[in-house]
Each structure stands twice: as structure tokens, then as C-alpha cells.
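User: I have a few quick questions about this one. Can you walk me through it?

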Number of protein chains: 2
Amino acid sequence: MANSDIESRAKDVSEEELFKEFKEHSVAEFFKKNRQMLGLYGKVRSLTTILHEYVTNSLDACEEARILPEINIKLEQLGEDHYKMVVRDNGPGMPEEIAAKALGKLLTGTKFHRLIQTRGQQGIGAAGATMFAQMTTGKPIAVITGNGKKAVQFRLSIDTIKNEPKIMDLSYLTKEFKGTQITAEFKDVSYRKGEQGVLEYLRRTAIANPHAKISFQAPDGEMIIFPRTNTEVPKKPSEIKPHPATITLDELSNMAKKTSATKVSTFLKNDLERFGDMSLRQLSDLVKFDLNKSPSKLTWEECEQIIKAFKQMKFTAPSTEGLVPIGEERIEKSLKKIVQPEFLKVVTRPPSTYSGYSFQIEAAIAFGGNAGKEIESFVDEKTGESQKVFRAEIMRFANRVPLLFDEGGCAITHGVKSIDWKRYGIKDFESSQITVFVNLVSVHIPYTSAGKTAIADEPEILEEIRDRKKNEKGNFFEIHSRGCICLVPNN
Amino acid sequence: MANSDIESRAKDVSEEELFKEFKEHSVAEFFKKNRQMLGLYGKVRSLTTILHEYVTNSLDACEEARILPEINIKLEQLGEDHYKMVVRDNGPGMPEEIAAKALGKLLTGTKFHRLIQTRGQQGIGAAGATMFAQMTTGKPIAVITGNGKKAVQFRLSIDTIKNEPKIMDLSYLTKEFKGTQITAEFKDVSYRKGEQGVLEYLRRTAIANPHAKISFQAPDGEMIIFPRTNTEVPKKPSEIKPHPATITLDELSNMAKKTSATKVSTFLKNDLERFGDMSLRQLSDLVKFDLNKSPSKLTWEECEQIIKAFKQMKFTAPSTEGLVPIGEERIEKSLKKIVQPEFLKVVTRPPSTYSGYSFQIEAAIAFGGNAGKEIESFVDEKTGESQKVFRAEIMRFANRVPLLFDEGGCAITHGVKSIDWKRYGIKDFESSQITVFVNLVSVHIPYTSAGKTAIADEPEILEEIRDRKKNEKGNFFEIHSRGCICLVPNN
């Protein structure tokens, strides 16, 4: 085709025509049209995603207020693929305007701007559930929330065009109420007892949160209670500053613009983790500018010098104060109770960092008993004995939140599968009767999607799951000197 | 622990303390902190993701203006993990304020509000690339864009706090320039020739877009050209209205509020696909209210009656006017040229719908030649001949855009793997020397993440990939009566 032909065709479409639809859209409209990105697709998955959003918010709220969580969930079937969910917690409650935004406006919350370990972190999930209720049933959700003195109830929907909450029928309660209760109806969802359903989600939540009491009333009326095995509220995680070992240039440059410090030296000492006078002396030898200058005057190139220097320096690992792992003893107790393995080994590794964010890995391995996933069971024709076929089970958690979906796209799976299991006497990992438990504890989990089902392959996280520091081939646990399956934790 | 203890602890944390950090954040801040959700993680993946955003925008822009696309890409290595990318197209160009928003403000664009088949659909990707350039190098991107009469150049960055573009150094060009050229530097990215790198991305783009000419200058100076094998701009896809067979209740209810029609009957006939007088007569027998009422007065319950009735009615499949598949002949030509298989079969299936969105599946299967992925090659000790080990390769496309990542979480993979391949004489699909090609053509692709790497398991899409309509076990292609591997397409 000649060039002039192409040109003449181009004239057929005017600029007005090409750009007449150029518009902005709200984040609520975006996630409504792309609800799959919130994990809201598939009947079983959608129901689990919704419950997950409510339960993580409740657990976070209770712990932040230093309350031992007690969460009651009731699921009622109203029709085919049509359910009513009630989630009640004993948390601190919320003032009405906070509750309205937390549940009715995407991208709001207390968790986004802080480097603090919480389950939720985006301010999207619970408002997404409100949107899904509205989309599938046309109905608002009902909220009751109170702090023990004052309590309020209202119905809530979202104006998706504006991404704003709409409160209806607000009234104040006369009787005492402490906590938050959400009642919502959903269609296009389904309750199953299977691997990725709400019951398995709650079972795993109980394993990783032994201090929480969770009750679940199933649609058939059955009442399932996960009691506490521990009566201590987990230590309150403190805010952790970005760590110099892996902080990004962009983050350092943004922080320099915002700091109240008047010198670069005090800025670094105040605003970074593990950066003291010794680090400062080292740094001043490595950069070509005066560290007494104002941070607001730092150029990108000077920040680059700092980051390059950081890579050559040694820093203490982040303190264990800010991160709150479940703890070896509690994981052991939980897994013994629920998996009843013949062999169990648990390790909470020391903290590390990626992109300036502190994190640590907790890992456990269980053989025998109820470990692994039973996928088939048949009776041997000759002996009459029943035989079972197992698959390895990888239980993934991020800040104690179970991850049930997208196993194949998750750093935990990639890390665990890349371990040379033969060195542990395990010939074929996939078909072993084994449960591997991994909990990523971090001030920021790098999820691959707003649905928060899988962790991105950040190299430092992968390394730490495999624990390659001591051995090129990766050590999930250190192998006992006799080379047998008796594993000893690596620390 | 006694209840009073829990209560007394709760008082330690005041309401002000609990909610002092309650804030909103912009969608740009959100995706900056969660860049993994845009596919911007991993050095190879990040570079492919960025190129993908630019190339899809260029192809869309050219086709919308009825121009045969010619895209020139140059990648230059500036340092370790540091590259400069230049992408130039021969498209219609953009007015400066449109260009600034398209490349510098998330959630803007021409594609979100229309039901029209385009590659991009979210208005996030290209602005995300600008953000990534800025985050990793501190530098804005450089843009030149013109319509052949007027051209402008400027540098552009994003104010992430406000999610607004910042234009710098704007000037008008005196010489003629038609198209758009973007120059941007990125760090923390890496060029590899492997399976998920930019070269493979372009190779697959060329397979699915035989009308595009693409040139790529690699960092080592090598020039790779993918010439056109076809000189026709693909038919212009028309806007397709929602289809009654699968439209959601929520969508119908929203449309009823917005329509200009004054009666429900005319609203349905005007605003839905394939809904005519016969459908109207059928519907009026199935609902309990007057179809002459105003659409703005339709209640949720009445919309529910309509949707229930739709499920009992039969509708013609969506017209093939709105969807533009690549076409059997062109796929065949492309695959023959690039895969050179011994056996090749291609089918473009008729359109179908999910959630009211029209879509159709194109599928191809190739054996032998360069089909499959070679994963190992060794020499037989006895015969001295070289032996190769292959794995099946699934080439996934969405509106002609290659999907290279997250294979395990994609409906195309799930659909293809769930086919009973033994019925085609393929004993072990995974280890066969076979290439399966699937292109999902749709007015809206249900991506699982804003990074657009995988398609959600929407049941209607899965069904159509397997083509279960004719056979419970799923028919990828219809099996020839003799039961041999000679497949005949199913239509």
C-alpha cells in the first residue's frame, strides 16, 4: 500500500472524533468494572474474599485497641447463590464518619501512610465488599458500631461515580454496644466446604491467630467454634522507619523533601532505621557533598550517592520490636492441634528488608498425621486395606492472613518449590504427605493484585524463604549433620 | 482473661489515637506503593510491562485513526539495570493536554466508558510507566506528538500525591511530525532474550498483528524487523451494546437510570444488543409490570424480573460486526511463518457473551516443526544423535496482545489444560511438542490484575475455550470420525 493511501485514510478520522470520549473515571468505577482485580469472581472465591476483608479488619481493629478478638460470623442462605453474612466483632467500634468511609469509599483508611504491620493495608477491600453487595442485590449494607458508650446504626451504599459513601436511616442506639457488626447480602456467591471456601479460610485464620476466638454459624445451622489457644493480645507492632540497606532512591528523595530535619545528617539519623553516628561517619567518607546541607536541597544525584554508599555499608538487621511474628511456640501448638503431625519443625527467622520495608519469615514443616492434602483414597484389591494418595500442602500467610488463591503466582510457592527437597530425603515434594507453613510478616506486603491473594517475587523475600544465605542451594531448614530427615532450624 | 481486664485495656487506646491516621490517598500513590499490581516487579518483567503499555497504545491509536501501524523501538543500555527506551509510532498524535493526561494521570483515557474492542482499557498502564521512570531515575519522560500539521514536544512527570501530570519545557516543533514518540529512562530493569523478555513479546505481537510493522533495535545494536504479512488495517470494531443473555442486574439497573428512552420497551430495544420486537413480546409475557413505564422508575425488583426472563429467552449471538478477530487465514499464515509446524489447525469460533460483554475465541494448534518449547537438548551416548526434550507451549493473547506472565493464573491456561487431550491421541499434553494459540477477543477483558497478565476464570469464557457446548468432555477441536489426530475445526 502506498504511503499516500495511508495518509488519506488518516484524514477520515478527525481529532474531535478520536478524543471525544477522553474522560476520567473514579477508582470505584474502575474496580466495579474490574471487580476480578479485587478477587471478586467465581462464586466460592467471591464469598471467601468478602469474609476475608471483614475478618482482617476486625482483627486489626481489636489488636490496635489491645482487645482479645472475638469474631462471630453467621452465614445464611437466602436462595440459589444468594447469602446473607453477619460479621460481629468486639473491637473498639468506629465514629460514624470513619465507618462510612472505611466501608463506603475506596482508598481511605488508617493503614496506607504508615509503615506498621497490619493485615489490611490498602483501604479498598471492605468498601469493595459493599460495592459487591450493591451490585449483586441492589441493597446497601447495614452497620452497627459503638465504643461501649455511644453506638450508631445505619445503612450504607457507595456512589461509584464519585467514590463517596451514602449513609441512610441513621439512628443512635439506646442500649450499650461495643464493637462493629456488618450485615450484608450477596448474590452470585456460593458456600462450599472445600479447600478455598470460607471454612478453610477460618481454620487457617485460627491456626495463625491463636489469640482470636472465632465462631461460625454455617448455612446448614451447624456451629463451628475455633477457641483461643492463647490469651495474650499479640505485642503491638511499632512503626518501623525505612531501612537503609534496601531503601529505594525515590523513597529517600521523597522523604528528604518532607522531613523536618534541617541537615542531611540529622534527617538520616532521625528518619531511617538503624542509622547512627557510626553509619554517618562511614557515609561521609563515601559521598562527595557536605552532610550538613539541608535535606530539601538534596539533588537526585546526591541521593544516588547516598544509596550507592548504603550498598557498600553494613547495617544491623531491623529490630524485632516493630515486627510481630506469631512465634515458634504458638505455631507449634497450633499445628500440633490442627494437623497432628508425626514430625514438626518450626522456625521464626530473624528480620530482613526489601525496598526499605522490614519483614521476616516464619516457616514450619510437618510430616505424617493429617499433614498434606489427601487427593484420592482407594481400597487395595488384594489386602483390602485402604490406600491414600497425598499431595504436598503449602499453607501461605501474610501477616497471619491466610492466602488461599493464586498459589502458582505467589513468592511463597516459588520459594518453597525451588528448594532442593531431595537433600532432606524427600524424593518427590509434590506427592509427599507434607505440610509446609510459611508466614510473611512485614510492614508492607507486596501483593500482585488488589485482591491480595499472592505475593510478588521480590528477590529479598524469595531469598529469605529459601534461606540461601548459608547455602547456595537454599536451606529451608539446616540439614542435620547426619544427613537424615531430622531437620534442625537454621538460626 | 476476665472480661473486665479486656475492657480496661481497651481504654488505654483513645479514639483520637486509633483514627488519627485516617486519610485518603490518590490512585497514583496507591499504585506507586503497590507497583507490583501494575506488573512492575522483577527486572525482566518490568521492562516487558513498560514496552507492552507503549506498544498497545500505539497500535490502538493507529487503528482507531485507520493507519497501518509502524512502530520503531530502540533500547539502549546506559548502565547496569539501566536502559533508555524510545518508542515511535506513525499514529494520529495527540493534542498536548490529552497526551499529558494519557501519560501522566492514572484512570484517564478514551477506552474506559465504551464497550468497544481495544487493547488498552483502563487508562493506567502508560501513566504507570511514567511513574516508574520517575521512581527509578528521578527523570521525567520526553514526549513528541503531532498530527502532521501541528507538533509539540515536552517533558512530563506525575505529581503522585494529586495524581496530576506536570508538563515541563514545552515547545512547538517547526518541522512536520506525525505520530507519537516517547523517550524514557528506567532503572531496575533488564533486557534478556528469554521467554518473557521484550523480544518474545514483540515476536508474539507480530504473530497476532500481521498488519503491523515493528522494528526493534536491541541494546547490542542488532536490528530486528518484523515485517507486515498483511497490508489491511483490521476492520474498525464498532461499539457493541450489552447483550441480554448475560447482562448483569446491576448494569441493567444503571442503564435504566441513564437512558434517554421514555419507555422500558424502547429502552431495551435501543440500549441492548439483539433485542427486537419478538424479544419484547416474549418478555411482556414473562414480567408482571407494564413495559410502557418509564425506565427511570424501574425498581431493582422489576429489573430482577427482566433478568430472570432473559435467562428463559433465546437471543441471537452477538453480531460479528463489533468484534474483530485476527481471522483464521491470517493466524495460519503467521504461525506457518514463525512456528513452521508439520501440522496446523486454526479456528475462529462464533461470538458469545459473559456479563453482557461480547467476546469470541480464536484457537490454533500446531505440532512439530518449531512448535513447543525446547527445554533440554542432549546427545545420545550410543547413537551420537542429539535428542531434544519439549514442553507444550500455550501462547495466550487478549485482543491480540500477548500475555507472557502468570500463565498458571489465567483462564486460557485453565481452559486448555482441562481439555481431555488423550482423545486427540496426545497422551501427555505437558511434554508434547505442541503449540496452542488462543486469542480472546472482547469489548472488555476481565483481567485479574491491573498489570493485565492473566484472564479471570469467568465461566462463559472457560466454556468457550473448551467449547463444551457440543460435548460434555470439552472439544478443543472436533475430533475426526476416524479418531485419529486429524482434527477438524468445530463450527
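User: Start with Phe315(B). Buried or exposed?
Analyst: Phe315(B) counts as buried, because its relative accessibility is 17% and the cut-off for buried is under 20%. Keep in mind that this is a predicted model.

User: Which ring does Phe315(B) pair with?
Analyst: Phe315(B) forms an aromatic pair with Phe310(B). The centres are 5.5 Å apart and the planes sit at 90°, an edge-to-face pair.

User: And how accessible is Phe310(B)?
Analyst: Phe310(B) has a relative accessible area of 2%, so Phe310(B) is buried.

User: What about chain A, which rings cluster there with Phe310(A)?
Analyst: Phe275(A), Phe310(A) and Phe315(A) are linked into a cluster by ring pairs.

User: How many aromatic pairs over all chains?
Analyst: The count is 22. One of them joins Tyr191(B) and Phe216(B). Their ring centres are 5.9 Å apart with the planes at 45°, so that pair is tilted.

User: Where do Tyr191(B) and Phe216(B) sit in the chain?
Analyst: Tyr191(B) is in the loop between strand 8 (178-187) and helix 7 (198-208) of chain B. Phe216(B) is in strand 9 (residues 213-217) of chain B.

User: Switching to the core. Which residues touch the most other members?
Analyst: The largest nonpolar core has 210 residues. Phe31(A), Phe216(A), Phe31(B), Tyr54(B) and Phe216(B) touch the most other members. As background, nonpolar side chains tend to be buried together in soluble globular proteins.

User: What is Phe31(B) in contact with?
Analyst: Setting aside neighbours within four places in sequence, Phe31(B) is in contact with Met37(B), Leu38(B), Leu106(B), Ile124(B), Met131(B) and Ala450(B).

User: Now charges. How many salt bridges over all chains?
Analyst: There are 56. Among them is Arg330(A) with Glu232(A), at 3.7 Å from N to O. Arg330(A) lies in helix 12 (residues 328-339) of chain A, and Glu232(A) in the loop between strand 10 (223-226) and helix 8 (249-258) of chain A, so the pair ties together parts 98 residues apart in sequence. Arg330(A) counts as partly exposed, at 29% relative accessibility.

User: Which residue does Glu304(A) bridge to?
Analyst: Glu304(A) forms a salt bridge with Lys187(B), with the closest N and O atoms 2.2 Å apart. The pair crosses between chains. Glu304(A) is in helix 11 (residues 300-312) of chain A, and Lys187(B) is in strand 8 of chain B.

User: Are those two buried or partly exposed?
Analyst: One of each. Glu304(A) is buried, with a relative accessible area of 18%. Lys187(B) is partly exposed, at 21%.

User: What about Lys452(B)?
Analyst: Lys452(B) forms a salt bridge with Glu53(B), the closest N and O atoms being 3.5 Å apart. Lys452(B) is in the loop between strand 18 (434-442) and helix 14 (459-466) of chain B, while Glu53(B) is in helix 4 (residues 43-64) of chain B. They are 399 residues apart. Both Lys452(B) and Glu53(B) are buried.

User: Which residues are linked with Glu24(A) in a network?
Analyst: Lys101(B), Lys105(B) and Glu164(B) are linked with Glu24(A) in a network of salt bridges.

User: Last topic. What rotation superposes chain A on chain B?
Analyst: A rotation of 180°, with 0.0 Å of shift along its axis and an RMSD of 0.0 Å. That is the relation of a two-fold axis.

User: Why do you say the copies meet through the same surface?
Analyst: Because 100% of the interface residues of chain A are also interface residues in chain B.

Technical notes:
Residues are numbered from 1 along each chain as its sequence is written. Chains are lettered from A and ligands numbered from 1 in the order in which they are written. This is a predicted model: local features need pLDDT of at least 70, side-chain atom pairs count only at pLDDT 80 or more; totals for chains, interfaces and linings use all residues. Side-chain values use heavy atoms; hydrogens and water are left out. Copies are superposed by least squares on the C-alpha atoms of residues with pLDDT of at least 70 in both. Contact means heavy atoms within 4.5 Å. Rings of Phe, Tyr and Trp (its six-membered ring) pair if their centres lie within 6.5 Å; planes under 30 degrees apart count as stacked, over 60 as edge-to-face and the rest as tilted. Helices (H or I, at least four residues) and strands (E, at least two) are DSSP runs, numbered from the N terminus. Buried means under 20% relative accessible area, exposed over 50%, partly exposed in between (1.4 Å probe, protein chains only). A nonpolar core is a set of buried Ala, Val, Leu, Ile, Met, Phe, Trp, Tyr and Cys residues joined through side-chain atoms within 4.5 Å. A salt bridge is a side-chain nitrogen of Lys or Arg within 4 Å of a carboxyl oxygen of Asp or Glu.
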